[in-house]
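Please read this report with the sequence and the model side by side.

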Amino acid sequence: MATELLSPLLPQRRRGLAVAAAVPLLALLLVVVIFFHAPLPTTVSSPERVDLTLVAGAREKGAVCLDGSPPGYHLRRGFSSGSHNWLIYLEGGAWCNTAKSCFARTVSSFGSSKFMRAVKFSGILGNDHLENPDFYDWNIVVVRYCDGASFAGDAEGEDPDGTKLFFRGLRIWEAVVDELMGKGMDTAKQTLLTGCSAGSLAALLHCDNFRRRFPQEVSVKCLSDAGFFIDVKDLSGERSIWSLFNEVVHLHNVREVLPKDCLQNKDPTECFFASELIKSISTPTFILNSAYDSWQIQNVLAPDGSYPGQAWSSCKTDIRNCSSTQIDVLHGFRKKLVSKLKVAEDKRNWGLFIDSCFTHCQTPFNISWHSPISPRLDDRTIAEAVGDWYFGRRQDVKLIDCEYPCNPTCSSRLSTA
Ligand SMILES: *[C@@H]1O[C@H](CO)[C@@H](O)[C@H](O)[C@H]1NC(C)=O
Ligand SMILES: *[C@@H]1O[C@H](CO)[C@@H](O)[C@H](O)[C@H]1NC(C)=O
């Protein structure tokens, strides 16, 4: 199954997270190809393409991509009964944590709008009611990710050769929301802020702030898809993901978006984790994540170098190849993830869909969002569960799957990353 996030873009020096400089770029290219162009096996017709819009006046506001170019988004206008409803989807694509890895992004759409093209909308973004039963007629906006820090930083820097780099995720977020307000979002009746992976973390970071942009009578909710990164040790006992986040937070000066109550007793890096963020969010939020998130297993639990030899390579690429000892380690990961979701379970008006399928990002693809072979919990597809929660059609919208491999609806087509 395609993911939009294949490489963590991690530094070369740290053991366990080493990635050669060329690899992230290649992976980013693959990412673009897979996310936006790969045909999905169950579909025949080709999905619609939506053009890129560059943010007006971005340079004056300092709201720019890593290379200083204006950021961009894709807007498809809503129609009929959806014309006053807005869904904002923040693109993902890991993070850059060093000047070097951020500079590497400037030759791709993840660091420069010079490389952004029209994209195809499918899954939760699609305009066909069969593939997307509840949101198909909404105004749908995909915001491109070109800052490298989940739309959250505000700083400047230089790459090793002295080229200026802009870490302006927060200003990009604000400039995009301002521009959309001027295009009709100011009269929205219902809105949903979402995104996948690093974009999903961004949706959590900005959720309450987005709520405050609308009058009380407007329905504002947030949906996090594969953004529930957890602070666990890798196989070698190192806190690799914490170290990565720590570098991202400091390089990009991520602070203003972090919840004040968290910052009072924790350091900013801890407050960048979804498990801390959800404690502070007061807007109704739905957490969608696999308990065996393939990206997290590959990059958080078992990053290259965190285990000897080849023992984990085959297991982390395809869960069907894991030994029973390895599966026990994965169950341990699931247990930690589920325990950190207790906060969400206890909140009224929140929703959960925590499946046991080995996958990462399930909303932007027909195949996982809503199709005959979608993962199901309580006999509901993700689209149905999210719709039930958003529109209050049912009360039981907190669904947590049993342990892998108990769920027969985890298609083998979703089982590889
Ligand atoms: C998703 O499904 C719709 C409706 O069946 C189809 O038009 C579209 O092409 C599909 N998207 C992709 C990416 O295959
Ligand atoms: C999984 O195991 C099969 C059978 O041993 C092997 O052919 C395949 O290459 C393995 N997959 C990965 C990703 O290592």
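## A loop residue with positive phi

A226 lies in the loop between β10 and α6 (240–251). Helices (H or I, at least four residues) and strands (E, at least two) are DSSP runs, numbered from the N terminus. The phi of A226 is positive, about 60°, although this residue is not a glycine. A226 counts as buried, with 29 C-beta neighbours inside 10 Å. The cut-offs: buried means 20 or more other C-beta atoms within 10 Å of a residue's own, exposed means 12 or fewer, and partly exposed is in between, with C-beta atoms placed from the backbone.

This is a predicted model, in which local features need pLDDT of at least 70 and side-chain atom pairs count only at pLDDT 80 or more, while totals for chains, interfaces and linings use all residues. Residues are numbered from 1 along each chain as its sequence is written, and chains are lettered from A and ligands numbered from 1 in the order in which they are written.

## Strand β10 and its partners

Two strands pair if DSSP finds at least two bridges between them. β9 (residues 190–196) runs parallel to β10, joined by 7 bridges. Here T194 stands opposite L223. Strand β11 (residues 285–290) also pairs with β10 in the parallel sense, over 4 bridges. S224 faces I287 in that pairing.

## The whole sheet

Which strands form the open sheet, and in what order? There are 9, in the order β2-β3-β6-β4-β9-β10-β11-β12-β13, and the pairing is mixed. β2 (53–54) and β13 (398–400) stand at the edges with a single partner strand each, so one side of each has no neighbour in the sheet. Further in, β11 and β12 (residues 351–355) pair in the parallel sense over 5 bridges. N289 has I354 in β12 as its bridge partner.

Two helices meet this sheet. α5 packs on the sheet and touches β4 (85–90), β9, β10 and β11. Its direction makes about 155° with that of β9. Helix α15 (residues 382–390) lies across β9, β10, β11, β12 and β13, at about 165° to β12. Contact means C-beta atoms, placed from the backbone, within 7 Å. Axes are lines fitted to C-alpha atoms, for helices over the stretch in contact, and angles run from 0 to 180 degrees between N-to-C directions.

C65 lies in the loop between α2 (58–61) and β3 (72–76). Is C65 buried or exposed? C65 is buried, with 31 other C-beta atoms within 10 Å. Beyond residues up to four places away in sequence, C65 touches P71, G111, S112, S113, C146, D147 and F166. T106 is 41 residues from C65 in sequence, yet 8.3 Å away in space, C-alpha to C-alpha.

S150 sits in the loop between β6 (139–143) and β7 (155–158). S150 has a positive phi of about 50° and is not a glycine. With 33 other C-beta atoms within 10 Å, S150 is buried.

## A cis peptide bond

The peptide bond from Y404 to P405 is cis, with omega near 0°. P405 lies in the segment after β13.
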